[in-house]
Amino acid sequence: MNSFLSRTSSWVLALLLAVAAPALAQNTASVTKNGVAPGGAAAATPAAAAAPAGAPGAGGGDAAAIAAGDALFKNNCAQCHAVKDKVVGPALGGITKRRSISWIIPWVHNSSKVIASGDEYAVKLYNDNGKQQMPAFPQFSDKEITSIVAWVTSQETAASPTAATGGTTAENAGAADGQDAAGASKYTDVLLIVLVVVLIVLVVTLAIIANLMKDVLQGRKDLDGRDVEVLNQRFDWTKLYHSTVLRGIVGTVFALVLLYEGVQSVMAVGLTQGYQPTQPIAFSHKIHAGENQINCAYCHTSVYKSKSANIPSANICMNCHSQIKTESPEIKKIYRAIERKQPIQWVRIHNLPDLAYFNHSQHTQVGGIQCQTCHGPIQNMDVVYQYSALTMGWCINCHRETPLNTKGNGYYDNLVKLHDKSNNAVPFTVSSNGGTECSKCHY
């Protein structure tokens with residue numbers, strides 16, 4: 001019998017290794033193929049070794065100016081312009097060949113004034129683009145406009161990394177890494193499924209072995225009375241039902257579950273996490289903020305400078321939709337609101353109680369908090385919903401965990417010194433600056 005059990009165990013182990021080995025080998029090959037050795041070290045590749053460092057200021061211009069122009073363009077211009085494609089306005093590629101910087105600066109400051117002056121090129125540009133009026137940007141300095149032009153020029157002349165080096169671009173490399181990660185995850189899932197199946201087979205095999213052993217023993221005539229009694233014994237399930245200990249355990253667990261559910265229900269009173277109302281116009285943040293990468297501040301104009309982030313007015317929508325998808329049934333609702341001189345009745349989603357003070361600009365402008373920190377993956381939402389709990393505990397935890405950015409701000413110098421003197425191992429958080437005091441949020 002021992003020999004039989006040994007052979008059966010060996011067979012099960014061999015089956016397990018035979019089934020799992022191909023998945024493990026394939027997973028290892030996938031990881032090694034992408035330059036990562038089984039030990040975790042990145043394998044050197046010729047493309048990586050030959051990749052040149054990016055030249056600052058590529059495209060003709062100072063690197064700092066180009067970086068500043070990039071930010072200004074994305075926040076103010078990308079909604080209507082692209083470098084190589086026409087959006088609402090014309091493509092900006094080659095603008096320095098068509099117009100001088102001395103012409104571009106007054107045009108950006110006030111295009112209407114340039115058109116009214118009778119400038120031939122400005123009038124033609126206005127007529128060729130459906131007489132769509134470009135918004136004025138008087139707040140831009142000459143230096144800022146020049147930096148935008150420098151960024152546009154850098155995008156025109158930037159060489160393709162693939163063409164220049166014959167290697168893989170960072171974007172393609174990232175895509176490859178994502179595919180490899182997905183592949184590794186797939187093989188891991190397959191391996192887990194295989195292990196579960198093998199365990200089930202093992203349990204079934206052991207049950208069959210037990211029945212076979214029982215049948216063999218029952219056929220033997222040399223068993224004494226004690227052996228026969230052990231062989232024929234049955235488990236009495238009624239003992240479990242009548243067990244006082246088991247009843248006590250089940251009753252205690254049941255009472256704790258009821259108590260937990262009751263406390264959770266009471267704690268959830270007034271919470272609206274997941275709230276997703278139907279809006280009067282089917283506006284998709286996924287299309288606007290995600291696919292078209294429109295900056296949040298373009299529509300929510302007060303997000304960095306006001307206590308609350310405003311809901312966009314209809315005229316902001318018209319900056320684009322006077323030319324784009326004008327026949328859409330949803331866009332026509334905006335036209336009707338403008339014709340009737342009535343605001344669009346958007347349904348508020350994120351709403352804090354009146355007893356709590358919250359300043360939006362203090363978090364976005366001063367604290368540098370990203371929109372997704374509180375609003376979740378807003379760029380992926382077709383219909384916006386309340387992502388975070390927005391409870392007092394949720395806010396306090398954030399204040400306790402978020403380090404305060406004090407660099408370059410002399411106001412905090414002494415506070416940071418005193419804090420580090422007594423709490424050197426603990427970072428200087430919002431809570432360290434009094435961010436959890438009741439009077440900070442409650443009047």
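Buried means under 20% relative accessible area, exposed means over 50%, and partly exposed is whatever falls in between, with a 1.4 Å probe and protein chains only. By that rule Lys-333, at 29% relative accessibility, is partly exposed. I will come back to that residue.

First, the ground rules. The model is predicted, so local features need pLDDT of at least 70 and side-chain atom pairs count only at pLDDT 80 or more, while totals for chains, interfaces and linings use all residues. Residues are numbered from 1 along each chain as its sequence is written, and side-chain values use heavy atoms, with hydrogens and water left out.

Now the chain as a whole. It has 22 helices and zero strands; these are DSSP runs numbered from the N terminus, H or I of at least four residues for helices and E of at least two for strands. Of its 443 residues, 22% count as buried. The accessible surface is about 30000 Å², and carbon and sulfur atoms account for 61% of that; areas come from the Shrake-Rupley method with a 1.4 Å probe, and for residues only the protein chains shown count as cover. A contact means heavy atoms within 4.5 Å. Take the contacts between residues at least 6 apart in sequence: 63% of them join residues at least 24 apart.

Helix α3, residues 63-76, packs against helix α8, residues 142-157, at an angle of about 95°, with the axes 7 Å apart. The axes are lines fitted to C-alpha atoms, for helices over the stretch in contact, and angles run from 0 to 180 degrees between N-to-C directions. That makes α3 roughly perpendicular to α8, since the scale puts roughly parallel under 35 degrees, roughly antiparallel over 145, roughly perpendicular at 65 to 115, and the rest as oblique. On the α3 side the contact includes Ala-65, Asp-70 and Phe-73, and on the α8 side Glu-144, Trp-151 and Ser-154 are among the residues involved.

A salt bridge here is a side-chain nitrogen of Lys or Arg within 4 Å of a carboxyl oxygen of Asp or Glu. How many salt bridges does the rule give? The count is four, and I will show three of them.

In one of them, Asp-70 pairs with Lys-74 at 3.5 Å, N to O. Both lie in α3, four residues apart, about one turn of the helix. Asp-70 is partly exposed at 21%, and Lys-74 is also partly exposed, at 45%.

Another joins Lys-124 to Asp-128, with the closest N and O atoms 2.8 Å apart. Because they sit four residues apart in helix α7, residues 120-128, about one helical turn separates them. Both Lys-124 and Asp-128 are exposed.

Then Glu-330 and Lys-333, whose closest N and O atoms are 3.2 Å apart. They are three residues apart in helix α17, residues 329-339, about one turn of the helix. Glu-330 is partly exposed at 23% relative accessibility.

Two remaining items. Val-196, Ile-200, Val-204, Ile-208 and Leu-212 make a nonpolar surface patch of about 430 Å². Patch residues have over 30% relative accessible area and no salt bridge; like charges are joined within 9 Å, and nonpolar side chains (Val, Leu, Ile, Met, Phe, Trp, Tyr) within 5 Å. Val-204 lies in helix α10, residues 170-218, and is partly exposed at 44%.

Last, is His-399 buried or exposed? His-399 is buried, with a relative accessible area of 16%. It is found in helix α20, residues 392-401. Leaving aside neighbours within four places in sequence, His-399 has contacts including His-363, Thr-429 and Gly-435.
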